[in-house]
Amino acid sequence: MRAIQASFPATRLRRTRQSAGIRALVAENTLTPEDLIWPLFVREGEGVEEPVPSMPGVVRRSVDKVVQAAREAHALGIPAICLFPYTSAANRTADCAEAWNPDNLSNRATRAIKEAVPDIAIMTDVALDPYSDTGHDGFVVDGKIVNDETVEALVKQALSQAEAGVDIIGPSDMMDGRIAALRAALETAGHKDVLLLSYAAKYASAFYGPFRDAVGAADALKGDKKTYQMDPANSDEALRTVARDLAEGADMVMVKPGMPYLDICRRVKDAYGAPTYAYQVSGEYAMIMAAAQNGWIDGDKAMLESLMCFKRAGCDGILTYFAPQAARALG
Ligand code: PBG
């Protein structure tokens, strides 16, 4: 596109900025609660809301409280929530069997929400880290993450989630070949309408720190996830992983983290035109909240600005811990 414009004073670009009404008329992007997916942490118990210290305002909820949060999200116009289990230590094992237990925390929460708030879409995470004693997303054999054995386990995990009634499955593990395997297994098992939102361009990032506290994986994790998550130096590689996942049957794709990776969002959207999402991750949330709590920035304004920027970068929606606050601020 080549903009055509007269020279000053015929063109005064400030004319279109002179009032709220005119600014709204020329706004190129909009942000609404319908753009948001709210990640929720689930824990055992009843009536429990346990604060996550590194994420001020975020809590781990027992299933009954997660149901309540789903109701609240629905009332606010948020179309989807995403569940992350805080698994008890006894259920973190080398074989990760709890991941496909039909009665695990995530599946119990899914059934309870489906029953109480059938119209909200439920997304779940496919990866072994909440269930493994190593904190890794895949099985570790002789110090290495083994790809193909992990994919077999991810298929079992995803099928148990589909059986429980989730609408959207989000593989966040970054193993090769998992989208094809998951899609084939879902089709065979009759779960033809279950969506796959692939964490396609997921980077090995320091910004996941508070999340690992929230799900209790921080202590177990030794080393890093660089042999499966992407190098922040790379951008062309993101186009290759997204292309691969779309070709294997992903319905939607995600870029993660969000704010430092807006260039990736734009490239992915421009290249493929697929439904594209960004995950404004725990560390991004923590940074905005910490600065706001210190009175260094206006938290609400920074939140809304950051979310609008995802839309401008080409995202169709954003996973964000700010979802309910943002929906309220948007009125
Ligand atoms: C794990 C997973 C992670 C996040 C979502 N799923 C952490 C990781 O890869 O270590 C991060 C989310 C956040 O930081 O908010 N499969």
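This is a predicted model: local features need pLDDT of at least 70, side-chain atom pairs count only at pLDDT 80 or more; totals for chains, interfaces and linings use all residues.
Residues are numbered from 1 along each chain as its sequence is written, and side-chain values use heavy atoms, with hydrogens and water left out.

Two packed helices are described by the angle between their axes and the distance between the axes. Axes are lines fitted to C-alpha atoms, for helices over the stretch in contact, and angles run from 0 to 180 degrees between N-to-C directions. Helices (H or I, at least four residues) and strands (E, at least two) are DSSP runs, numbered from the N terminus. Helix α3, residues 105–116, packs against helix α4, residues 147–164, at an angle of about 20°, and their axes are 9 Å apart. The two helices are therefore roughly parallel to each other; angles under 35 degrees count as roughly parallel, over 145 as roughly antiparallel, 65 to 115 as roughly perpendicular and the rest as oblique. In passing α4, α3 makes a right-handed crossing; a crossing is right-handed if the near helix is turned clockwise from the far one by less than a right angle, and left-handed if anticlockwise. On the α3 side the contact (heavy atoms within 4.5 Å) involves Asn107, Thr110 and Arg111, and on the α4 side Ser160, Gln161 and Ala164. These residues divide into one nonpolar, four polar and one charged, where Ala, Val, Leu, Ile, Met, Phe, Trp, Tyr, Cys and Pro count as nonpolar, Asp, Glu, Lys and Arg as charged, and the others, Gly among them, as polar.

The second pair is formed by α9 and α10, whose axes come within 9 Å and cross at roughly 150°. That angle makes α9 roughly antiparallel to α10. Their crossing is right-handed. Glu284, Ile288 and Ala292 of α9 meet Gly299, Ala302, Met303, Ser306 and Phe310 of α10, giving a contact of five nonpolar, two polar and one charged residues.

Helix α10 itself comprises the 14 residues 299–312, which at 1.5 Å a residue should span 20 Å, and its end C-alpha atoms are 20 Å apart, in agreement. The expected span is 1.5 Å times one less than the number of residues. The buried residues of α10 (under 20% relative accessible area; exposed is over 50%, partly exposed in between, with a 1.4 Å probe and protein chains only) include Leu307, Cys309 and Lys311. Besides α9, the buried residues of α10 pack against elements including β1, α8, β11, β12 and α11.

Strand β9, residues 195–202, contains Ser198. Ser198 has a relative accessible area of 0% and is buried. Leaving aside residues up to four places away in sequence, Ser198 touches Pro171, Arg178, Ile179, Asp245, Ala250, Met252, Val253 and Met254.

Most residues other than glycine have a negative phi, and most peptide bonds are trans. The bond from Phe8 to Pro9 is cis, with omega near 5°, and Pro9 is placed in the segment before α1. Another cis bond runs from Lys256 to Pro257, with omega near -5°; Pro257 lies in the loop between β10 and α8. Cys96, in the loop between β4 and α3, has a positive phi near 55° and is buried at 1% relative accessibility. Met174, in the loop between β8 and α5, has a positive phi of about 70° and is buried at 8% relative accessible area.
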